[in-house]
Amino acid sequence: MTETFSEIYAQFLSKQESNQQDCFTAACILFLSFDRTRAPSTRLAILYVLYSCYATAPLENNPFLTFFLQLLEELPDKSAEQHFVYCILEETLSRIGDDLPQDVWNAPDSKLPAIQMNQSLVDSLRLKVARLIDDPDIVILNEQTKQLLSDACCRILSLAENETLRNERLSDYPLTDYIPPHLLPSLIDLNQFLALSIVPLLLRKDLASAYLQAILEAPITLNSIEVVHHALINNIHVSQEFLHYFISKSIRSCDEKPKRDRKVKLVARFVQSLVERNIIAMKDYFIEIQAFCVGYMKLKDITVLYRLASNEAQKQIVLNQQVGAVPR
């Protein structure tokens with residue numbers, strides 16, 4: 001093979017035009033010949049053409065990217081072909097257009113651009129391919145996402161960082177590695193909207209009881225009430241012991257001065273929602289809720305909960321009268 005890479009690509013385009021083929025069809029014919037080709041220089045020429053056909057577009061739009069990534073895994077380490085494929089992925093192949101394929105094969109280290117062998121780049125490209133074909137068996141974890149998950153327990157994430165996480169399938173990540181139980185309260189307080197997505201996932205893990213205990217041991221905040229409520233109404237099942245303790249602690253926390261009125265209203269709506277959804281039974285909390293309502297009756301949001309408590313009281317009176325009227 002005496003033509004340079006650029007000349008080989010020009011011949012490919014000329015043949016494609018004379019055969020009245022579109023670029024993809026012509027490239028596929030060349031691609032299908034790759035495995036049957038044994039001449040090393042010809043194999044390099046085929047790879048160069050498959051890359052060059054789409055070199056003006058982002059690499060993730062190259063329909064042969066999956067092939068390049070798969071080939072990278074199959075080739076021997078530090079081989080000329082592996083070096084060549086890394087140059088494709090790092091998009092430095094345009095520099096060798098004037099070289100002969102045989103010369104590159106004979107001296108890849110001097111003829112080909114130096115490569116970074118950046119695993120993060122390879123993982124990122126695999127992730128883009130997996131999303132493109134939506135393959136459920138391909139799970140590639142994004143390094144930036146992993147770092148943001150760890151950071152979320154230590155600082156408030158920006159809107160852009162939250163958007164990055166929102167676009168990830170977080171259920172694929174080992175969340176317990178980045179958010180241990182003792183840091184869950186920090187996540188809830190610093191990044192409530194992220195916690196709304198993550199806490200239901202954590203409570204489906206083996207460490208669910210440890211996460212629930214961490215919530216109980218932390219001070220009750222507006223964020224923690226919202227997050228627990230969100231989890232409960234999204235089919236997360238917790239013990240009645242947890243519910244009773246959390247509700248009781250939420251009610252007691254309303255005596256604290258900061259944001260007291262807001263917390264009272266939120267606790268009232270929280271308990272009311274759980275009763276209306278049959279997550280808890282009013283009769284199990286009647287005394288606490290009645291005392292809570294009486295203590296904060298001046299606030300509008302308390303009246304609805306008070307009516308629920310009063311209705312339950314009436315039911316209990318009627319039930320007791322019926323039991324007393326049963327003949328012996």
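Biologist: How many salt bridges does the count come to?

Modeller: The model is a predicted one, and the criterion is a side-chain nitrogen of Lys or Arg within 4 Å of a carboxyl oxygen of Asp or Glu. By this rule the count of salt bridges comes to nine.

Biologist: In which helix do Arg 166 and Glu 163 both lie?

Modeller: The side chains of Arg 166 and Glu 163 meet in a salt bridge, with 2.8 Å from N to O. The two residues are three residues apart, about one turn of the helix. The helix that holds both Arg 166 and Glu 163 is H10 (residues 159-166).

Biologist: With which residue does Asp 172 form a salt bridge?

Modeller: Asp 172, at 28% relative accessibility, counts as partly exposed. The closest N and O atoms of the bridge are 2.7 Å apart. The partner, at 43% relative accessibility, also counts as partly exposed; this residue is Arg 169.

Biologist: What is the N to O distance in the salt bridge of Lys 283 and Asp 284?

Modeller: Lys 283 counts as exposed at 52% relative accessibility, whereas Asp 284 is partly exposed with a relative accessible area of 39%. A salt bridge requires the nitrogen and the oxygen to lie within 4 Å. For the side chains of Lys 283 and Asp 284, the N to O distance is 3.4 Å.

Biologist: Which residues are linked with Glu 73 in a network of salt bridges?

Modeller: Side chains of opposite charge can pair when their charged atoms come close. In the network that contains Glu 73, the other residues are Asp 123 and Arg 126.

Biologist: Let us turn to the rings. What is the angle between the planes of Phe 31 and Phe 67?

Modeller: The structure holds 12 aromatic pairs. One of them is formed by Phe 31 and Phe 67, 4.9 Å centre to centre. This pair links distant parts of the chain, with Phe 31 in helix H2 (residues 23-32) and Phe 67 in helix H4 (residues 65-74), 36 residues apart. Planes over 60 degrees apart count as edge-to-face, and the pair is edge-to-face because the angle between its planes is 80°.

Biologist: Is Phe 67 buried or exposed?

Modeller: Phe 31 is partly exposed, with a relative accessible area of 29%. Phe 67 has 13% relative accessibility, and the limit for the buried class is under 20%. Phe 67 therefore counts as buried.

Biologist: Which residues make the nonpolar surface patch of about 250 Å²?

Modeller: A patch residue needs over 30% relative accessible area. Tyr 306, in helix H19 (residues 302-325), has a relative accessible area of 34% and is partly exposed. The residues that make the patch are Val 294, Met 297 and Tyr 306.

Biologist: Which helix gives the largest share of the lining of the largest cavity?

Modeller: The count comes to two cavities of 30 Å³ or more, and the largest has a volume of about 60 Å³. Its lining includes Pro 185, Ile 188, Asp 189 and Ile 215. The largest share of this lining, three residues, comes from helix H12 (residues 184-190).

Conventions:
Residues are numbered from 1 along each chain as its sequence is written. This is a predicted model: local features need pLDDT of at least 70, side-chain atom pairs count only at pLDDT 80 or more; totals for chains, interfaces and linings use all residues. Side-chain values use heavy atoms; hydrogens and water are left out. Rings of Phe, Tyr and Trp (its six-membered ring) pair if their centres lie within 6.5 Å; planes under 30 degrees apart count as stacked, over 60 as edge-to-face and the rest as tilted. Helices (H or I, at least four residues) and strands (E, at least two) are DSSP runs, numbered from the N terminus. Buried means under 20% relative accessible area, exposed over 50%, partly exposed in between (1.4 Å probe, protein chains only). Patches are made of residues with over 30% relative accessible area and no salt bridge: like charges are joined within 9 Å, nonpolar side chains (Val, Leu, Ile, Met, Phe, Trp, Tyr) within 5 Å. Accessible areas come from the Shrake-Rupley method with a 1.4 Å probe; for residues, only the protein chains shown count as cover. On a 1 Å grid over the protein atoms alone, a cavity is a set of points where a 1.4 Å probe fits but cannot get out, and a pocket is an open set with protein on both sides within 12 Å along at least five of seven lines; lining residues have an atom within 4 Å of a point. Grid points are joined across faces, edges and corners, and a volume is the space filled by probe spheres set on the points.
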